[in-house]
Amino acid sequence: MTRRTGKSKDETLIEMSEAGSPSGEENNGYHSTLDGGSLQHDDAKVDKQQQSKDSVYFRDGKRRIDFVLSYVEDKDDRKQERRRLYEANMQKAGLELELEDKSESEDGKTFFLKIHAPWEVLATYADVLKIKVPFKVNDIPENREIPVSWLFTPLLLPDHVMHPDPDYFTSPFDSNKHDFFLIEDKETFFPNSTRNRIVYYILSRCPYNKEDKLNKDKRGIKRLLNNGTYTSAFPLHDCRYWVKSRDPNCESERYSLYRYWARFFRFYKEQPLNLIRKYYGEKIGLYFAWLGFYTEMLFYAAVVGLICFIYGVATYDDTVWTKEICDKDIGGEIVMCPLCDKKCGFWKLNSTCNSTWQSHLFDNTATVFFAIFMGIWVTLFLEFWKRRQARLGYEWDLVDFEEEQQRLQLRPEYETKCTSRRLNRVTQEMEPYFPVTSKCARLCLSGATVLFWISLIIASIIGVIAYRLAVFAALASIMKDSPTNKLELVGSLITPQLATSVTASCINFIIIMLLNFLYERVAIWITDMEVPKTHVEYENKLTVKMFLFQFVNYYSSCFYVAFFKGKFVGYPGKYTYMFHISNLRNEECDPGGCLIELTTQLVIVMTGKQVWGNIQEALLPWLKNWWSSRNARSHPESLYSRWEQDYDLQNFSQFGLFYEYLEMVIQFGFITLFVASFPLAPLLALMNNILEVRVDAWKLTTQFRRPVAAKAHSIGAWDEILNMIAVFSVVTNAFIVAFTSDMLPRLVYFYAYHPGTELTMQGYVNNSLSVFKISQISNASTPDPGENPAWFNSSVITTCRYRDYRYPPGHEHEYSHTMQFWHILAAKMAFIIIMEHVVFVVKFFVAWLIPDVPSDVRARVKRERYLVQEYLHNYEVEKLKKQLNQMGEGDQCICPEIAATVKHEVLSECLT
């Protein structure tokens, strides 16, 4: 093999010598032409009735199809010229091509170009990419016995599915040391995922211009797909998913994945992670490993959350304050002030009996315990995932991946768009780079765009708040005579507050989904504009932009209900209005408290997102595939070619995995940031994720083309985002318990303000409500005639009550906050400080106690590195002995100069 001549130093493609690749005339009856199409048939055509086209091999039945390009012939001469040059350069790079004429395709318009990478190409680029391959069977015994393992037998898969290949010691491939590695069959030595990864690496860098007209912009399959030169590019699935391939040489791994993994009724089985990694690559394997581990850990959170919910149900009859509210002699005699201006009348406290019961289900003593538990749970989840990730990193040869591969992962777009070059001080070679001024300008524009879209979210939230304020007054007027009570079962549960909260949550959810749809395209555009250097950097930049937007988009409404709603209302004589200039009075909490409203908001947004996400992920791809393949399904199997079957499937975009992570991380935020308000959130997430694992497996195996395999040593920037959410969740839950829940005011009353000498909650409801003189209500807030209920008599009822701790009328500090208010505020602040410190201390202690890498994995990594050095040394020594014997100098002592060429200096005497 020889490097191309006349190229710049940063040229990445390698031109194969004539000895390493067949010439164009011998390439299976196809040859490059200078006019016409890219490749053409010779006169002999294969009878497609006699040869099944459901195959992953060229027509000779020997060379495997590693990649497929498709295009539709048109009259655009520029596209034809691009294809001709591109395919010629692919052949110069050593790839072998075979064309399926449009007459062979279903629509009669589409050409399919099949690509095969021979051994010489695979070996060369495996060396370039430092792909690790086996050189010795792993002889370290496994000591991971599970106690009472027989209990888990129903959950296990067959061993040939869980471990499709033996465990090997591996080393980066060296094309000059073929005999060092365990090469039994060159055709099957590199797994199919590695083959398509190598071919895609070549396609991404192959130019489509003439050598004498070097234009670095004109290279890469991505640009050819974008400008319509090719319509698709994809590796092939190895068989149909529901039946094994008839070819005995075909592994039928897709069938195994579908049978044992990608069906919902397998939800209780473990995932075949090694087979997933072998078929789809490490990056997708890591996603399913993380999703499976996250789902397993959710089980423990769901059990504790369910126990807390059951505790709330069981203790309802023992709560004094709920009995007082529902008692007609206590709650029925307490007249409450209007909740809005003009359209809201006076009302009795016992009308909130149902919402008080609902609130108690989630606002009870167990809430505090569960909030603390989730702070510890999230730490355990992250720490145990690090250990799981470290173990997978060792088993999947990803230990040294980051250091070795970063420099080899330059994006082709970066290489083509960087016109400046500078000297790398480490390699002493010229490399592309962006000037600081250009980079700063792009970053500023990117940041301004993100801020603009976040401001749109805030504006939409303000709009929803205005909707809440306006609609609540209207609903209160309409529902004053309780017309919904006529409805069976649910009629008595529908209140103006609940109706407003539910409709506002639904509107907010629609706005969220619409802004998501628009912003996704903007985020990709501004990330492309920044021109990140590596694939990892690109994904991290896009991840940060998308998550920052999604964080504000999904959580802003929950933050409003949790920390702002009902906190800045004022009191009947001095209400606070929106922006202090409108006639929209700031929204008060539901009489049962704001926690139940936060629960409602959380359930609607979280559940709605999960349901919509599953519809998008499963139903839409299935409908599209059903429609696109409706004609071909009626053809015999032998005529419906493997490449056409995959062509009819949906394309798995480069952002496919990104959106899967984003969906799960947003869910992770819901069950950690606001879990104190809804202990059942982990249970809902668990139920969704059990389905999510199988839906993702099903759609990837049956509805999408096979993705190009990619390596990754971790889940990337998502690790840091999960850690950030974990820390932030401690703060938010502490504030929810302190300021949104009524837990602390009740505790302060119980220990400091209870009547008599015995600790009791009797009288708490009356104590928590302040008194206001009705005659002092301003005309702007007085209910309109006809808005008050029939039982209200202004001559008899002279005062009303409201939720606050203020002195009554006639007191020297009339309507000022009482000392109890300040005691409660001090208790809230003390609780926040104590809870945060306790949880953070436990979190950091647990993180310190649990090492990120298991001790046995650390020992195995060291053992493998030692064995690699030892075997390489022995290999070099044996190689040197053979060379000396061939030279007839086997009886002479090795000179120090020759011995120095051996990589590890362990010899102390002559070889004889």
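Which residue in β8 is the bridge partner of Leu69? I looked it up and found Ala233.

**Source.** I am working from a predicted model, in which local features need pLDDT of at least 70 and side-chain atom pairs count only at pLDDT 80 or more, while totals for chains, interfaces and linings use all residues. I number residues from 1 along each chain as its sequence is written, and side-chain values use heavy atoms, with hydrogens and water left out.

**Overall.** I noted 27 helices and 16 strands in the protein. Helices (H or I, at least four residues) and strands (E, at least two) are DSSP runs, numbered from the N terminus. Of the 912 residues, 52% count as buried. I use buried for under 20% relative accessible area, exposed for over 50%, and partly exposed for in between (1.4 Å probe, protein chains only). The protein exposes about 43400 Å², and carbon and sulfur atoms supply 58% of that area. Accessible areas come from the Shrake-Rupley method with a 1.4 Å probe, and for residues only the protein chains shown count as cover. I then looked at contacts, meaning heavy atoms within 4.5 Å. Among those between residues at least 6 apart in sequence, 77% join residues at least 24 apart.

I followed β3 (residues 67-72) into an open sheet of four strands. The order is β4-β5-β3-β8, with antiparallel pairing. The edge strands, β4 (96-100) and β8 (232-234), each pair on one side only. Neighbouring strands are turned by 20 degrees against each other on average, direction ignored. Two strands pair if DSSP finds at least two bridges between them. Three bridges join β3 to β8, and six join β3 to β5. In β5, Leu69 stands opposite Leu113. Five of the six residues of β3 are buried, so β3 is largely enclosed by the rest of the structure.

**Helices on the sheet.** I checked which helices lie across these strands. Helix α1 (residues 77-92) lies across β3, β4 and β5 (110-116), running at about 165 degrees to β3. Helix α5 (residues 192-205) lies across β3 and β5, at about 45 degrees to β3. For these angles, axes are lines fitted to C-alpha atoms, for helices over the stretch in contact, and angles run from 0 to 180 degrees between N-to-C directions.

**Salt bridges.** I count a salt bridge when a side-chain nitrogen of Lys or Arg is within 4 Å of a carboxyl oxygen of Asp or Glu. The structure holds 32 of them. One is formed by Arg195 and Asp66, with the closest N and O atoms 2.7 Å apart. The pair links distant parts of the chain: Arg195 is in helix α5 and Asp66 is in the loop between β2 (39-40) and β3, 129 residues apart. Both residues are buried.

I also looked up Glu530 and Lys545, whose closest N and O atoms are 2.8 Å apart in a salt bridge. Glu530 is in helix α16 (residues 496-530) and Lys545 in helix α17 (residues 535-563), 15 residues apart. Glu530 is buried at 9% relative accessible area, and Lys545 is buried at 9%.

Glu383 and Lys386 form a salt bridge with the closest N and O atoms 3.4 Å apart. These two are three residues apart in helix α12, so they are separated by about one helical turn. Glu383 is buried at 5% relative accessibility, whereas Lys386 is partly exposed at 26%. I noted one network of salt bridges as well, linking Arg59, Glu98, Glu100 and Lys114.

**Positive phi.** Most residues other than glycine have a negative phi. I found Lys130 with phi near 55 degrees, in the loop between α2 (119-128) and β6 (132-137). Asp397 has phi near 60 degrees and sits in the loop between α12 (365-395) and α13 (401-405). Lys130 is partly exposed at 32%, whereas Asp397 is buried at 14%.

**Helix α21.** Is Asn688 buried or exposed? Asn688, in helix α21, is buried, with a relative accessible area of 6%. Leaving aside neighbours within four places in sequence, Asn688 is in contact with Gln610, Asn614, Met664 and Gln667. Leu691 is also in helix α21 (residues 681-703), and at 33% relative accessibility Leu691 counts as partly exposed.
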